[in-house]
Amino acid sequence: CALFDALFPPYGLIAWLAWWIAARFAGLANGALVVAALLYFAPLRDVSRHAWSETTAMAFALAMVVALAAGDRKSLWLATFAGLCAGAAVATRYAFAPLILIGLICAYTSHAKSALARMAAFTIPALAVAGPVFARNLLLTGHAGGSRWHPAGRPLLDGVGEAARALPSALSFSSPWLMCGSALLVALSVAWRYRSGGRGRPPTVNRVAMLALVAWPILYLALLLAAQTRVVVDSIDDRLLFPAALSVVLLVLAALLVAFRPHRVVAYSCAILLAGHAAWSEAGNARMIRRAGLPAVYESSRALAKPGALAWLAANATPTDLIIAQDALEWPLYLGPIPTIFFSFEGAPSRFEYDAIAAYLNNHECGAYRKIFVAIDPVATGDSRTRTWFHDDLAAGNVSPYPALSELARGENYAVFKLECGQLKAQ
């Protein structure tokens, strides 16, 4: 079912790992039906196509679950591999830190005589992979997270309400009519089997996989909600809920099929129907993109054709310059070899403030660049928790408090400034 997406890891890897887990819960045929349904899980498709880090981290997380749940529970090499996967997931996205605790709990559930050895075999490689990332952050910035996040949190109930409002989107599926048709076929199969008096022998549920899939969304959501009370994080939407939602959907689908156990012929037929339709849709999208001749970064590339900071910098900056931009995470994708860094209102990696820019340049050989450009969007001001006076001054053209800056270009939706290292100082 995942063959047509296997060339686009980690989306395809998630599908294969989800099939392995679902098969351990509901059998091979129902596992195929579960992973075919996941191909229509909207947050998985959306997050994967945007190349967000949650997809890669979730692939490592599922690999950890598979390694801990597979084979002989006493085998230390599987625990070691699981630790490597957990460490890679945490290094990819720090919010996956609860995986370490979940892995330790799963390792502890093994035979008493080997529990400590499995826990050690899991913990050491996990820390060996994730530890250097946090150590490097600590050495370079003084903070394990890589920067000092803006400490303007909000009440816990605000985050809970935001998560509740995003929940329908986080659990949504595309092609609802096709999904309903498959569900109807499954229901008819279950009714027929009940009437004929045979339901088959239920599969054996893997306790390690069950423990991991139940504990993960609880601990992840608890960390997410606790974090948003202390620092500014992105709005809690289907992207941030995706890691928990994927586990919930995988567990619920497998549990339903375990409970009803449709005939395997029906399960395979529905799986082939869903996977075939998904493959046909993807092939249609590929043909449309090929005929249109769209570049790989279509949305970003369109900005080069319009007047703006990106087009101005692409025409005037060189690889010997440095570009400092506000909220421009994707700019390096199409500015080529021109060094580009970005600061944001929310504080990740650093807030868009004069002090933060000055500190960065003072620590990274400011004079090594021919020119240093600072680009902003005058309209974007963030919200009341993240607004910076520095941005407001530049948007209004007021550079007098910042002697190192001079305005070079301005348009309706952009402003570009030149920064002189010789006059740079913290405010």
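Let's start with Arg370, which counts as partly exposed at 46% relative accessibility. This is a predicted model, and in it the side chain of Arg370 meets that of Asp321 in a salt bridge, with 2.9 Å from N to O. Asp321 sits at 0% relative accessibility, so it falls under the 20% cut-off and counts as buried.

Where do the two residues lie? Asp321 is in the loop between helix H14 (309-316) and strand S1 (322-326), while Arg370 is in the loop between helix H15 (354-363) and strand S3 (372-376), so the pair ties together parts that are 49 residues apart in sequence.

## The other salt bridges

The structure holds five salt bridges. One of them joins Glu407 to Arg410, with the closest N and O atoms 3.0 Å apart. Glu407 is partly exposed at 37%, and Arg410 is partly exposed too, at 34%.

Another pairs Glu420 with Lys418, at 3.3 Å between the closest N and O atoms. Here Glu420 is partly exposed at 34%, and Lys418 is partly exposed at 23%. There's also a network of salt bridges that links Glu54, Arg93 and Arg239.

What kinds of residues line it?

Helices H4 (53-69), H6 (98-108) and H10 (207-227) each supply at least two lining residues. H4 gives the largest share, with five.

Methods:
Residues are numbered from 1 along each chain as its sequence is written. This is a predicted model: local features need pLDDT of at least 70, side-chain atom pairs count only at pLDDT 80 or more; totals for chains, interfaces and linings use all residues. Side-chain values use heavy atoms; hydrogens and water are left out. Helices (H or I, at least four residues) and strands (E, at least two) are DSSP runs, numbered from the N terminus. A salt bridge is a side-chain nitrogen of Lys or Arg within 4 Å of a carboxyl oxygen of Asp or Glu. Buried means under 20% relative accessible area, exposed over 50%, partly exposed in between (1.4 Å probe, protein chains only).
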